[in-house]
Amino acid sequence: MSGTTAVDETPVPATDLADDRRGRLLRLVRRAPLTVGLVVVLWTLGALTGSLLHGPAPELAARVGAGLGPLRDGAWWGLVTSALWCQGLDSYLLSTAMVLALLPVAERRIGSRRTAALAVVVQVGGSLVGLGAVALLDRLADGRWADQLAASTAVGPGTAVVGCVLAVSAGLPALWRRRLRLVLVIALVMLALYSGLIGDLLRLAAGLLGLALGAVVFGRRRGVGRSRPTRAETRVLVALVVAASALGPLIAAWAQTRVGPLSVLRFVFAATAPDPATVAGVCADGSPRECAELQSRLRFSGLGPALLSIMPVLLLLVAAEGLRRGRRAAWGVALGLNLGLTALGLVLAASPMQQRIVLGAGVHLHAFVLVALPLLQPLLVAVLLVASRRVFDVHAPVGTYRGLVKTVVGAAVVAAAAYVALGFLLRAGFDRPPGVAALLADVPLRLVPGGYLVGFPPAFLPVDWPAVVLFEWTGPVFWLVVVVAAARTLARPRLRSAEPDGDRVRALVAVGGGTLAHMATWAGHTYWFTEGAAVAYRVIGGVAITTGGPVGERNPHAVAGFAAHCRDQGWTPCFYSVDARVAGDAEALGWRTVQVAEETVLPLGALAFTGRKWQDVRTALNKAGKAGVTAEWTTFAEAPLAVTDQIRAISEEWVADKGLPEMGFTLGGLDELADPAVRLLVAVDTERTVHGVTSWLPVHRDGAIVGWTLDFMRRRSDEAAFRGVMEFLIASAALSCQAEGAEFLSLSGAPLARLDRGERPPALQKLLDGAGRRLEPVYGFRSLLAFKAKFQPEYRPWFLAYPETAALPAIGNALARAYLPDLTPRQTAGLARALFR
């Protein structure tokens, strides 16, 4: 039996399985009765009326659907009943998935009865608004799209569902409110612009109406200023927009009915290819214009050209993933592609031959629309990228892009050489046998999607299958190599800087420097070195602010040396969050000091959570055990994707609800978790749900880790969150590190909070104390200090040290910009109101 585990192989009775399924169904019915009821009614009516396979018959659709025709005939009830049928089996399946995924969000937030009432309001109101837009378009515009909309009838529950969910989104936490709204609104706009069916317009109208109703009925969460996405969340949102803009033209290319105002962009990806025999006949008859046009359209045919045509989409999707990671190179790729698509779209739309192809396919639009719309989308995306460029500041390891350039250049050389060599050998397989010069001139055209070559008649065309394979697949193979190489490059994790200064600082941090020493390795610092030590600082508004004290060996002359360095550069030196020893060195120079934070340190030598004073901590440990919550050590790079995604979501939601951007500088965020030296302690339950997370920075002395400093703290805020998770995580970290032989845990400092030690504070200290009180509702610094008191810590003050001649407003401005670099003018005003009300 050694190494084996006995397993109970007794079969589970079928009745038990049936009871389990019945129980899950009953729970779903109790939690979301409107959702279940709508799905049942939808499929029941579809079955009874024979509408499941192909949708309601035209006569039935005219009585129960929403459209201008039914309204003119007096069938006003169609504004409501249209939500109870779908267009066909695929629509029934997609609509059911939409209802089950989205409608419970509304039911859980406002209850089933209010959701039902809201659904009726947005269904009727959205349909009326959408049909009003259809009537206006029918009156003012000419063409196939306006005519088809006026004659169409819409059915489906999507109008009510998206309107309800977007209305209720006003009451969601800021993070999920932004994501849900962005995804739904982008999807609705893309469908309306590219597919252009009447149902797409009604859903868009209902969604916009839902947003307006949500702002009026449910209001908006209030805070100091207006909530703004963090850098990480902004990256995700911009990446979603770029990805959606890339997929939009494919909607038009693959949709069964393609009449939307941007459906003309499908000709970048696909067009109806003429028969080769017809092309040969027309060219033989001696019609140069028609021959050139049909030969150009032949480039759209075949799997190879189709694959080549979607390469811009694949590259934009790769760039979108890089944008999500914050990569500067991905930003450049996305911007270049969108500007390139704008320029090529101009050539495409302005080509008389392309216009004849578009008009011949039945897309009858005003000439201005035909020219302007293909340019508008990529141009707007480019503007968005330029406006958000600051958040994409993550650089790849040294040499990364040199490798990508070598791969691309090598692939281009191989593709060109192969095309020319094989083309010359297969020259008899072309209608006009090419020479080496003609093949070389044709190489660039093999790499461009056929939709952009309309108006450029080919010099030769293949007529047998080996020549066809070479002609059609040279471009796709080259671009597939480029796409794969770009995806691998942008997916490479960001590594710590390998620059000499970074290596020197990490070596000095291992020698010593206090509990904040590891923060000197964070991105954004400049370093000043002296004998055996270094100072990490950043210059803001002419003030050189340090991150803690000097790192490395104890050097009492480091403060004076750094001050001299700053004088030479014309800066004001400012040592921030330093301990009493560094503050003493500064005071010896005649500097002033003021306490800016209170550090709490937990000695681990004889730690035992016994006695009345540890009751809260023991309670948290006991609750965790009963709830099946455990604490697991990991790093951000080694943690499973399911865990890291939850950590990101918890962090973004926590920041979003503050109403102000996430603080940085000496407070780490998601970016700082990527450091492999940083340990994460994660609270997870049996279903691998993350309830909370803490990060711990190493504290070194003479090359050995002697302690850990708490940095990143986040906990789940929804109803399922385990209460007391932070107490549980810190207590678990203390016991684990104690067993490892660590001397202490630093619970870090609480900014703008301190103990009252009975001394008479100077004027500046009173000002900082007042700022801490006024910011308490937003950032809770004093509450944080009170929370840490549960662990019976030792208290150590952190100081701000500055020359007596320094301008305090300049120092205050520099600190504010260091902690809140993304603060907008509106948020600055809100912060000022909070400080001085």
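Reader: In which loop is Trp 77 found?
Author: This is a predicted model, where local features need pLDDT of at least 70, side-chain atom pairs count only at pLDDT 80 or more, and totals for chains, interfaces and linings use all residues. Residues are numbered from 1 along each chain as its sequence is written, and side-chain values use heavy atoms, with hydrogens and water left out. Helices (H or I, at least four residues) and strands (E, at least two) are DSSP runs, numbered from the N terminus. Trp 77 is found in the loop between helix 4 (68-72) and helix 5 (78-81).

Reader: Is Trp 77 buried, exposed or partly exposed?
Author: Buried means under 20% relative accessible area, exposed over 50%, and partly exposed in between (1.4 Å probe, protein chains only). Trp 77 has 39% relative accessibility, so the class is partly exposed.

Reader: How much accessible area does the nonpolar patch with Trp 77 have?
Author: A patch takes residues with over 30% relative accessible area and no salt bridge; like charges are joined within 9 Å, nonpolar side chains (Val, Leu, Ile, Met, Phe, Trp, Tyr) within 5 Å. A salt bridge is a side-chain nitrogen of Lys or Arg within 4 Å of a carboxyl oxygen of Asp or Glu. Areas come from the Shrake-Rupley method with a 1.4 Å probe; for residues, only the protein chains shown count as cover. Leu 71, Trp 76, Trp 77 and Leu 128 form this surface patch, and together their area is about 430 Å².

Reader: How many of the residues count as buried, in percent?
Author: The chain has 837 residues. Its secondary structure comes to 32 helices and 12 strands. The buried share is 50%.

Reader: Which residues does Thr 35 contact, leaving aside its neighbours within four places?
Author: Thr 35 is found in helix 2. At 0% relative accessibility, Thr 35 is buried. Contact means heavy atoms within 4.5 Å. The partners are Val 99, Leu 100, Leu 103, Pro 104 and Glu 107.

Reader: How many aromatic pairs are there?
Author: Rings of Phe, Tyr and Trp (its six-membered ring) pair if their centres lie within 6.5 Å; planes under 30 degrees apart count as stacked, over 60 as edge-to-face and the rest as tilted. By this rule the count is 11.

Reader: What kind of pair do Trp 43 and Tyr 92 form?
Author: Trp 43 is in helix 2 (residues 33-48) and Tyr 92 in helix 6 (residues 89-110), 49 residues apart. Trp 43 is partly exposed at 26%, while Tyr 92 is buried at 0%. Their ring centres are 5.4 Å apart, with 50 degrees between the planes. The pair is tilted.

Reader: What kind of pair do Trp 528 and Phe 562 form?
Author: Trp 528 lies in strand 1 (residues 526-530) and Phe 562 in helix 24 (residues 558-569), so the pair ties together parts 34 residues apart in sequence. Both residues are buried. The centres are 6.0 Å apart and the planes at 65 degrees, so the pair is edge-to-face.

Reader: How far apart in space are Thr 547 and Ser 577?
Author: Thr 547 lies in the loop between strand 3 (543-546) and strand 4 (551-552). Thr 547 is buried, with a relative accessible area of 3%. In sequence, Thr 547 and Ser 577 are 30 residues apart. C-alpha to C-alpha, the distance is 7.0 Å.
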